[in-house]
Amino acid sequence: MRLESAQGLKQQLLKEVVEPFVILASRLRGRGKPAAKAWGLAREPIAFGVSARPLDTVPKIPRSIALGVARQEGEYKLAVRVQRPSLVESPLMEHLTRQARGEVDVRVVGRIDKRTGARRAARSSKSAAAASVPWYQRNTRPLSIGASVGHVDVTAGTIGAFVRRGNTTYLLSNNHVLAKEDQARAGDRILQRAKYDGGREPSERVARLRFWIRLKQTSANFVDAALAEIDKGVRYNASRLRGLVRGEDGKLIGLGPAFTDEGETVFKIGRTTGATGGRVTAFDLDNVIVNYDKGNLRFDGQVEIEGVGNAAFSDGGDSGSLIVNARMEAVALLFAGGDRGGSNGLGLTYANPLRHVLKDLKATLLF
């Protein structure tokens, strides 16, 4: 298929098939019934499994199927990302495949989570700590892309980049890293290194929360992003990409193109996994359901990335990482991932296109 055809088919199937199915399944589940034959395509009822739990804690937006675009051998295909394994052999999948005339790239991705949950670095003694803790989990002055950061009440995330809004300089990361999923207040303190990595007040205070894009619970989100105003006297380096490729530094040269194609090589530096390389496996993904503390949230227009070799592209704590292409242009902001899928079986990562992030935050990238 041509790119325009794949994108048009995606929108058509999302509106005519996937969304009506999810709505019906949710309504019937609320009445104690499976998604039934009334949907029109299912020969047998399709049940959305749910663990035993209080009814008021059941997610309002269930995981189902995300649709996007992937490219293989010069042609574009419908990217089908199955977040509920019970749907793999379902009539719904049969219908999607038939409508795309078999031109589909299907992957079972399972549950996708925000990437804030962080691993704590091992510490056996003060001298051993200095040697064993990587630079991105320590205090970094000047502030650096890839370093540990977080709201004073959040475990840990990653400094993505530095931006200008008006005449003021800010550090960029995710809403759930800096704004605590909309629970924080403007002016709240931001620590570098983050609290989970040993950051404390006042010694590690470097910025104050100022702006963020609120996370919607009943409609689609496009970005998970926030800005913190850097305190006076705190230095930062907006261009250095420390140890990015084979241990050598890179230099951020600017903002990349709006379109990030499947197969493109990308890199990131994150608080947990450090510098990693990956490959874009799908783009323009809609109905990506991500698990947050406040429940399942839907994201549209997302980029999907797999790690290369024997490493995952990201892990918990890498939220907020800046993703750059091989030309060292900034293209996306990492926010979520899972442990299933990818060519190496180590999971997939999801990111907001950076141009959309900057537009929504009314900010300009510094480099």
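**Charged pairs, rings and a helix**

Glu304 and Arg81 meet in a salt bridge, with their closest N and O atoms 2.9 Å apart. Glu304 lies in strand β21 (residues 302–307) and Arg81 in strand β2, so the pair ties together parts that are 223 residues apart in sequence. The model is predicted. Opposite charges on side chains can pair when the charged atoms come close. The structure has 26 salt bridges in the count.

**Salt bridges around Arg81**

- Arg81 also forms a salt bridge with Asp105, at 2.9 Å from N to O.
- This second pair links distant parts of the chain as well: Asp105 sits in strand β3 (residues 104–108) and Arg81 in strand β2 (residues 75–82), 24 residues apart.
- Arg81 has a relative accessible area of 1%, so Arg81 is buried.
- Asp105 has 9% relative accessibility, so Asp105 counts as buried too.
- Glu304 is at 0%, and therefore Glu304 is buried.
- Which residues belong to the network of salt bridges? Arg81, Asp105, Arg107, Glu262, Arg279, Glu304 and Glu306 are linked in it.

**A salt bridge in a loop**

- Glu204 and Arg193 join their side chains in a salt bridge, with 4.0 Å from N to O.
- Glu204 and Arg193 are eleven residues apart, and each lies in the loop between β10 (189–191) and β11 (205–212).
- Glu204 has 8% relative accessibility, so Glu204 counts as buried.

**Aromatic pairs**

- How many aromatic pairs does a search of the whole structure find? The search finds seven.
- Tyr76 and Phe283 form an edge-to-face pair, 6.3 Å from centre to centre with 90° between the planes.
- Tyr76 is in strand β2 and Phe283 is in strand β18 (residues 274–286); this pair links distant parts of the chain, 207 residues apart.
- Tyr76 and Phe283 are both buried.
- Trp135 and Tyr136 make an edge-to-face pair, with centres 5.5 Å apart and 80° between the planes.
- Trp135 and Tyr136 are both buried.
- Which residues form one aromatic cluster? Tyr76, Phe259 and Phe283 do.

**Charges over rings**

- Where does the charged end of Arg165 sit? Arg165 places its charged end over the ring of Phe211, 3.6 Å from the ring's centre.
- Lys268 lies over the face of Phe313, at 5.6 Å from the ring centre.

**Helix α2**

- Helix α2 spans residues 91–99.
- Which residues of α2 are buried? Pro91, Leu92, Met93, His95 and Leu96 are.
- An α-helix has 3.6 residues a turn, so residues three or four places apart point the same way.
- Arg101 follows α2, and its phi is positive, near 55°.

Notes: Residues numbered from 1 in each chain as written. Predicted model: local features only at pLDDT ≥ 70, side-chain atom pairs only at ≥ 80, totals over all residues. Heavy atoms only, no water. Helix = DSSP H or I, 4+ residues; strand = E, 2+ residues; numbered from the N terminus. Buried < 20%, exposed > 50% of the residue type's maximum accessible area, 1.4 Å probe, protein only. Phe/Tyr/Trp six-rings, centres within 6.5 Å; stacked < 30°, edge-to-face > 60°. Lys NZ or Arg CZ within 6 Å of the ring centre and 35° of its normal.
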